Amino acid sequence: MKRIITLLAGLVLLAGSTNAQELSNFSFGRGPKVVSPEINGDKTTFRLSANYATIVNLVGAWMENPWGPGVPMTKGEGGVWEITIDTPSPEIYTYSFIVDGVTMSDPLNVFVQRDGSRFLSMLMVPGERTENYGEANVHGTVAHRWYHSEILGMDRRLTVYTPAGYENNPKKKYPVLYLLHGAGGDEEAWSSMGRAAQILDNLIEKGLAEPMICVMPNGNPNQAAAQTLGLPVKDMDWRDPANRNKYVESLCEEIVPFIEKNYRAIAKPASRAIAGLSMGGGHTISASTLYPELFDYICPLSAAGAMTEEQALALKKAGVKLYFLACGNTDFLWNGSLELKKNLEAVQMDNFEFFESDGGHVWSNWRLYLNTFAQKLFK
């Protein structure tokens, strides 16, 4: 009996050591540890272990031409390719490697963003600009919810952020920000590329923003959810005038009531805000003009949309508490934003703010805008 017990113990130890060896082989059995990216003050180094590659280039969003061939990396000891660059100014940048003509993410970097069908490695340079883009000390909750849309004829998914403490106080109600993505995005765009949860967590923790619910819907009316779920896409004729405002109608007539029924949301215009970038900026404008008394806070960002003076006057009469219009001065939609600004100023829109930034149609601007206007909501 003693011999059997000894044998069993030996087998257990052997199995444990085998598993440990398996993990060791997986995690540490590939030579010296390689780190990428590595920020050291004013220098940042990228590395890629690719012993059989012949040409490796680095492409980054900080470059003058981020869609070009990139800059060559140098092959060093152990087949590790490396390049050291001047650290870009504080922001979040995406980058990739081009290995013998094939674009790939950095396998050593766990921080990635998804832009439609592309997954991109992320470099966050610390500084004042990015201090609210990292994790706060106290966190809200990000969840996916499904709702049924009669208007669009399908069940659809949206992303909902609830602030820290939401679950602990069942009597407290909150204002709601409806935050809309641009073309090519989906209900995960603002939480992935926009860092919406981190920005709101930090602002709320610092007392710079009111605790709020943030709803991030899918703005593609032919999609049930993000394409990563592999769900079929509905055929829809975009040229049919009947389809022009179907998503906006669903947003205002279905999503807003769904949130106010299923969350502790304050169901008043003064506690509703709507904001969106690019296509979502156009949705923001359309929602505010078709339903002028639904939202008291309206924030089109680099908006692909327009508004007449008559529509602006209707909003003024509705008593908008903040109209925050933002655009980068090299954005291809800059002139459209100036036209919208002119119409808002022509009717002397109350509480109108125009926020001009450097740069173009990029997430670095949209994160900045959220970080800015979120501090002005519901006050």
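Tyr297, Cys299 and Leu301 point one way from strand β16, Ile298 and Pro300 point the other way, and all are buried. Buried means under 20% relative accessible area, exposed over 50%, and partly exposed in between, with a 1.4 Å probe and protein chains only. Strand β16 covers residues 297-301, and five of its five residues are buried, so the strand is largely enclosed by the rest of the structure. Strands (E, at least two residues) and helices (H or I, at least four) are DSSP runs, numbered from the N terminus.

This is a predicted model: local features need pLDDT of at least 70, side-chain atom pairs count only at pLDDT 80 or more, and totals for chains, interfaces and linings use all residues. Residues are numbered from 1 along each chain as its sequence is written, and side-chain values use heavy atoms, leaving out hydrogens and water.

Now look to either partner of β16. Five bridges join it to β15 (residues 272-277), and the two run parallel. Leucine 277 has leucine 301 of β16 as its bridge partner. Three bridges join β16 to β17 (residues 322-328), again in parallel. Here isoleucine 298 stands opposite tyrosine 323 of β17. Strands pair if DSSP finds at least two bridges between them.

β15, α5 and β16 make a right-handed β-α-β unit. β16, helix α6 (residues 309-318) and β17 make a right-handed unit as well. A crossover is right-handed if, with the strands pointing away from the viewer, the path from the first strand over the helix to the second runs clockwise.

Step back to the sheet. It is open, has eight strands in the order β11-β12-β14-β13-β15-β16-β17-β18, and its pairing is mixed. β11 (141-149) and β18 (352-357) stand at the edges with a single partner strand each, so one side of each has no neighbour in the sheet. Within the sheet, three bridges join β13 (residues 176-180) to β14 in parallel. Leucine 177 stands opposite cysteine 214 in β14.

Next come α4 (residues 246-262) and α5 (residues 279-290). Their axes come within 10 Å and cross at roughly 65 degrees. Axes are lines fitted to C-alpha atoms, for helices over the stretch in contact, and angles run from 0 to 180 degrees between N-to-C directions. Tyr247, Val248, Leu251 and Cys252 of α4 meet His283, Ser286, Ala287 and Leu290 of α5. Contact means heavy atoms within 4.5 Å.

Finally, proline 241 sits in the loop between β14 (213-217) and α4. Proline 241 is exposed, with a relative accessible area of 57%.
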